[in-house]
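Subject: Structure for you to look at

Hello,

Here is the structure I promised to pass on. Please open it next to this email and follow along.

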Amino acid sequence: MSEVIKLSNIYVSYGKTNVLENINLQVNELDFIGIIGPNGAGKSTLLKTLLGLITPKSGDISIMNYPVSEGRKYIGYVPQVLEFDRAFPIKVEDVVRMGRLSKKHIFKRYNSHDEKIVTHCLEQVGMVKLRSRSIGELSGGERQRIYIARALASQPHILLLDEPTANVDSKVQKNIYELLKELNEYITILLISHDLGAISAYVKTIACLNRSLHYHQDKIITPQMIQETYHCPIDLIAHGVPHRILPEH
């Protein structure tokens with residue numbers, strides 16, 4: 001598999017406080033990596049650094065063998081739950097169409113090619129029948145699917161998702177994870193989540209982040225990795241016996 005993201009010795013700080021320390025990560029084509037860690041661990045900061053929204057204090061980043069300024073065009077991004085005015089008159093298809101903005105020159109109108117992509121993305125997430133509905137009328141799970149469709153509208157090679165199943169029920173979570181599993185057949189995915197039990201059934205590998213990164217290109221997490229990440233001893237994390245991710249002890 002070819003390398004699509006590489007971070008080497010990345011340090012990010014807010015003021016005098018390091019948020020990320022000595023981050024080294026190689027992401028290969030069609031990886032599906034779940035990133036876990038406590039609140040304030042730097043997970044969202046890592047994604048924003050990959051997007052070029054935060055400049056690291058030191059270290060090197062390449063995306064599709066380009067620097068971030070050029071490589072970020074290959075990334076689709078689904079941020080944490082968005083708060084908005086539910087009465088704001090914007091349709092589902094208009095939200096998805098926003099994903100095409102990065103492909104347009106200023107003042108250039110959307111064309112039939114853009115519209116085909118919008119329709120295709122709505123079909124991918126199973127929401128094409130609701131394209132004319134106001135975004136404010138949708139449920140939390142439906143809105144998350146629309147935000148994923150918006151990210152897909154940029155035709156990315158890599159998809160970054162920050163807590164995409166926050167504040168939705170377990171059935172909706174499962175549907176979203178199943179969707180991501182299907183998308184992973186042709187898109188590389190990095191997913192942030194607090195729900196280790198749920199993601200362990202869907203991601204290919206898991207990374208632990210708390211300022212520093214613990215990642216071995218595997219789904220197995222050792223008790224030492226958990227202890228260093230959460231600063232407390234945990235012997236076993238499982239989501240039912242079929243989804244155990246730590247070796248028996």
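Predicted model: local features only at pLDDT ≥ 70, side-chain atom pairs only at ≥ 80, totals over all residues.

**The chain as a whole**

The chain has 249 residues, and 49% of them are buried. It contains eight helices and nine strands. Take the contacts between residues at least 6 apart in sequence: 66% of these join residues at least 24 apart. The accessible surface is about 12,800 Å². Carbon and sulfur atoms account for 50% of that surface.

**Helix 4**

Helix 4 covers residues 112-124. Its 13 residues should span 18 Å at 1.5 Å a residue, and the end C-alpha atoms are 18 Å apart, so the two values agree.

Which residues of helix 4 are buried? They are D114, I117, V118, C121 and L122. Seen down the axis of helix 4, these buried residues fall within an arc of 135°, so they line one face of the helix. The spacing has a simple background. An α-helix has 3.6 residues a turn, so residues three or four places apart point the same way.

The face of helix 4 turned away from the buried side carries S112 and K116, both exposed. The buried residues of helix 4 pack against helix 3 (92-97) and helix 5 (140-152).

At the start of helix 4, a side-chain oxygen of N111 comes to within 3.0 Å of the backbone nitrogen of H113. Just after helix 4, G126 has a positive phi of about 70°.

**Helix 5**

Helix 5 is one of the partners of helix 4. Its 13 residues should span 18 Å at 1.5 Å a residue; the end C-alpha atoms are 19 Å apart, which agrees.

How many of the 13 residues of helix 5 are buried? The count is 11, so helix 5 is largely enclosed by the rest of the structure. The buried residues are G141, R143, Q144, R145, I146, Y147, I148, A149, R150, A151 and L152. Note that arginines R143, R145 and R150 are among them.

What covers the buried residues of helix 5? The cover includes strand 5 (75-78), helix 3, helix 4, strand 6 (158-162) and helix 6.

**Helix 6**

Helix 6 is part of that cover. It runs over residues 170-183. Its 14 residues should span 20 Å at 1.5 Å a residue, and its end C-alpha atoms are 20 Å apart, which agrees.

The buried residues of helix 6 are Q173, I176, Y177, L179, L180 and L183. Seen down the axis of helix 6, they fall within an arc of 155°, so they line one face of the helix. The face turned away from the buried side of helix 6 carries the exposed residues S170 and K171.

A side-chain oxygen of D169 reaches to within 3.2 Å of the backbone nitrogen of K171.

**Salt bridges**

The structure holds six salt bridges. Among them are the following.

- R97 with D94: the closest N and O atoms are 2.5 Å apart. Both residues lie in helix 3, three residues apart, about one turn of the helix.
- E115 with R97: the N to O distance is 3.0 Å. E115 lies in helix 4 and R97 in helix 3, so this pair ties together parts that are 18 residues apart in sequence.
- R133 with E137: the closest N and O atoms are 3.7 Å apart.

D94, R97 and E115 are linked in a network of salt bridges.

D94 is partly exposed, with a relative accessible area of 26%. E115 is also partly exposed, at 26% relative accessibility.

The R133 and E137 pair reads as follows. R133 is partly exposed, with a relative accessible area of 34%. E137 is exposed, with a relative accessible area of 53%.

Best wishes

Key
Residues numbered from 1 in each chain as written. Heavy atoms only, no water. Helix = DSSP H or I, 4+ residues; strand = E, 2+ residues; numbered from the N terminus. Expected span 1.5 Å × (residues − 1). Buried < 20%, exposed > 50% of the residue type's maximum accessible area, 1.4 Å probe, protein only. Arc of directions from axis to C-beta. Contact = heavy atoms within 4.5 Å. Polar contact = N/O pair within 3.5 Å; in protein donor to acceptor, adjacent residues only side chain to side chain. Areas by Shrake-Rupley, 256 points an atom, 1.4 Å probe, with all protein chains shown as cover. Salt bridge = Lys/Arg side-chain N within 4 Å of Asp/Glu carboxyl O.
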